[in-house]
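The sequence and structure come first, and the discussion follows.

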Amino acid sequence: MALPIVQMVNVEKWYGNNHVVKNCNLSIEAGEFLTLLGPSGCGKTTTLRMISGFELPSSGVVKFMNENVEKKEPYERDVNTVFQNYALFPNMNVAQNIGYGLKVKKVPKEEIARRVDDMLKLVQLEGFEKRRINQMSGGQKQRVAIARALINQPKVLLLDEPLGALDMKLRKQMQIELKRLQRKLGITFVYVTHDQEEALTMSDRIAVMSEGVIDQIGTPKEIYLHPKTRFVAGFIGESNLYDGIVREIEGDEMVIGTEVGVFPALKKQLTGGTVKVNDPVTVCIRPEKMKAGITEPEGFYFHAVMKEKIFVGNLTKMIAVMNNGNEIRINRIDEKDLPEPGQEFFLSWDTEDAVVIPSRSPIALDTADSIEAAAAAEQPEET
Amino acid sequence: MPEKTKTDNLEKSTKRRRHKREQSVRATISNVIMCGPITVWSVLFILVPVGFLVFMSFMTKGPLGRIVYKFTLDNYKEMTKPVYFSVVSESLVIAFWTTLITVLMGYPMGVAMAKMKKKTSGLVTIALMLPLWVSGLVILYSFVIMLNTSGTINSFLLRIGLLSKPLQLLYNRFAVIIGMVYMFLPFAVLPMYSSIEKLDPALIEASKDLGAKPVTTFFRVQLPLTSPGIFAAVILTFIPCIGYYMVSDMLGGGQSMLVGNLIFRQFTISRNWPFGAALSVVLAVIILVMVKIYTKLGGSLDDLAA
């Protein structure tokens with residue numbers, strides 16, 4: 001594989017006693033669209049700022065093309081940033097803002113003018129050269145900020161929640177435009193966001209961060225279908241998560257005991273490590289994989305009662321309650337053959353669709369109790 | 001039926017109009033009550049005296065400092081004499097140096113304050129304002145004590161052997177500028193601090209990110225964006241500096257006569273009130289012109305009040 005364009009090796013960041021980035025190891029390939037995704041305060045912006053040079057790592061190495069840069073000033077690094085609130089210079093017009101990076105490098109005037117024109121074309125802002133920044137809309141400012149950052153032809157473009165201030169419709173439109181731009185230019189994009197949908201839409205790879213740690217790096221598909229930690233499973237998309245323990249392992253199959261009951265699972269659906277009997281695990285089943293049958297299905301099933309049906313346009317979201325009080329979320333595109341609220345039904349899923357995640361920490365005591373209770377009360381009825 | 005609606009509508013609209021009038025009358029009354037006292041005050045103690053000043057500047061000086069109520073332009077003609085030109089130019093030179101030194105010293109201080117924690121910068125602001133709570137007279141006397149030929153500075157330098165005979169620190173342009181800088185520094189620091197503090201740090205980062213070194217970033221981004229604060233500081237130093245007579249009176253020792261001193265002298269020693277009034281009017285006009293230039297350049301009057 002080619003040399004990664006940016007590499008972070010064992011990077012740590014402390015603010016006083018606050019450990020904001022913990023042992024960060026990240027390799028960014030040339031030309032990829034990588035997203036740092038996580039809730040606010042997870043260290044994703046700090047990680048980005050260590051790449052741009054606005055923060056220095058407390059320890060560890062940051063490399064650009066195999067050259068150590070962690071001590072270099074931002075103006076010495078071959079990266080450019082699109083800032084959260086655009087950070088456009090209010091004392092300059094659109095063309096001056098875009099040309100700033102070339103002007104400070106003493107590029108001849110004619111060349112600046114030509115390249116500013118190219119950039120304006122690229123972001124579809126021809127004719128706006130002389131506009132003041134305060135006369136531009138949010139979406140237009142966004143384009144100026146992107147053009148300003150791209151004119152230096154950086155190897156890596158860093159984007160710090162650039163679409164956060166835009167309304168929903170514009171944001172969706174800009175997501176697609178950004179992705180298109182990245183493909184066209186072939187520049188590496190490192191994108192920071194807390195919006196999982198945005199990350200899934202645009203990224204080649206996503207690094208999910210939580211409390212200063214990168215939990216998982218992978219393609220959107222990998223991350224959605226095979227979350228390696230409970231946090232990733234809960235943060236990306238909707239999910240039904242059940243803590244439990246491995247009761248039996250036999251060949252390719254396992255039996256998992258959880259708070260909702262005992263059911264079989266497949267060993268190939270195990271993510272993030274190996275397990276032994278009695279190891280704690282979390283089972284993740286996506287709401288769209290849940291089956292709500294009016295007739296008795298083959299294989300295992302549980303009894304549940306439909307509680308609520310919510311129509312949200314493209315989906316019908318349902319909340320059902322199992323006999324032991326656990327709530328289950330079910331999503332369906334069509335409303336055919338679905339139980340009505342109040343109606344009892346058979347809840348099941350394909351074993352293929354249940355992802356088993358080994359837990360890092362031992363199971364909580366009250367959870368363990370409810371697992372025992374569930375196992376005793378409701379044996380899965382096998383055919 | 002339509003007739004009836006018509007009259008109904010007419011009635012409604014007159015009612016509405018009456019209601020509107022009542023409301024506006026009530027608003028006017030409350031406005032008058034709220035603004036009344038300050039209006040009376042302004043008219044009595046600002047507008048009338050200024051009007052009288054302008055009026056007096058066109059009157060003739062009588063014997064023994066009396067005012068003879070006879071129209072004349074002599075007071076204004078008098079000012080074109082070269083001796084008064086030198087007074088004005090000396091005033092401008094001192095105001096210029098004072099402003100330059102104050103802004104050059106005040107801006108870095110504003111930068112430092114903007115970097116402090118809110119609590120610390122609040123304490124520094126109080127420390128900065130502290131000298132203003134002491135009478136100017138006391139401050140200037142302490143400068144006299146310090147700068148005297150037998151004063152603190154000279155005796156210290158003599159004792160450690162750096163000097164063989166005392167330096168003339170007092171009663172010259174240097175002493176006046178030192179005193180002026182001391183008096184106006186707080187007024188210059190605060191507007192600059194407030195505009196530096198308002199500057200979005202992301203703009204500085206953006207400049208560095210785009211490849212600008214710190215010096216370039218300062219001149220291309222920070223300085224232009226904090227210029228309203230610098231303008232305000234210039235105005236707040238330069239203008240009062242021209243008219244402030246106490247400093248040059250006490251530290252200049254009559255060696256440097258400023259416009260302020262000249263006016264003061266007309267109303268006291270020379271007892272030529274009409275000429276003093278004319279000088280005041282001209283000074284006021286110069287100041288108004290400068291404020292106009294300031295606002296033309298994009299400065300806001302609110303910044304001056306800060």
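## Interface of chain B and chain A

In this predicted model, seven residue pairs are found in polar contact across the interface of chain B and chain A, both residues of each pair being at pLDDT 80 or more. On the side of chain B that touches chain A, helix 8 (201-209) and helix 9 (214-243) of chain B each contribute at least two residues. Sorted by class, that side of chain B holds nine nonpolar residues, five charged ones and four polar ones.

In terms of contacts, 18 residues of chain B meet 23 residues of chain A. The size of an interface is often expressed as the accessible area that is lost when the parts come together. For chain B and chain A, the area buried between them is about 1700 Å², with 65% of it on carbon and sulfur atoms.

## Salt bridges

Side chains of opposite charge can pair when their charged atoms come close. Between chain B and chain A the count is one salt bridge, in which the side chains of R49(A) and E205(B) meet at 2.7 Å, N to O.

Over all chains, the count by this rule comes to 23 salt bridges. One of them joins K13(A) to E55(A), whose closest N and O atoms are 3.7 Å apart. This pair links distant parts of the chain, 42 residues apart, since K13(A) lies in strand 1 (residues 6-15) of chain A and E55(A) in the loop between helix 1 (44-52) and strand 4 (59-64) of chain A.

## The largest pocket

By class, the lining residues of the largest pocket divide into ten nonpolar, six charged and two polar.

How values were computed
Residues are numbered from 1 along each chain as its sequence is written. Chains are lettered from A and ligands numbered from 1 in the order in which they are written. This is a predicted model: local features need pLDDT of at least 70, side-chain atom pairs count only at pLDDT 80 or more; totals for chains, interfaces and linings use all residues. Side-chain values use heavy atoms; hydrogens and water are left out. Contact means heavy atoms within 4.5 Å. Buried area is the accessible area (1.4 Å probe) that two parts lose on being put together, summed over both. A salt bridge is a side-chain nitrogen of Lys or Arg within 4 Å of a carboxyl oxygen of Asp or Glu. A polar contact is a pair of N or O atoms within 3.5 Å; within protein, one must be able to donate a hydrogen and the other to accept it, and residues adjacent in sequence count only if both atoms are side-chain atoms. Helices (H or I, at least four residues) and strands (E, at least two) are DSSP runs, numbered from the N terminus. Ala, Val, Leu, Ile, Met, Phe, Trp, Tyr, Cys and Pro count as nonpolar, Asp, Glu, Lys and Arg as charged, and the others, Gly among them, as polar.
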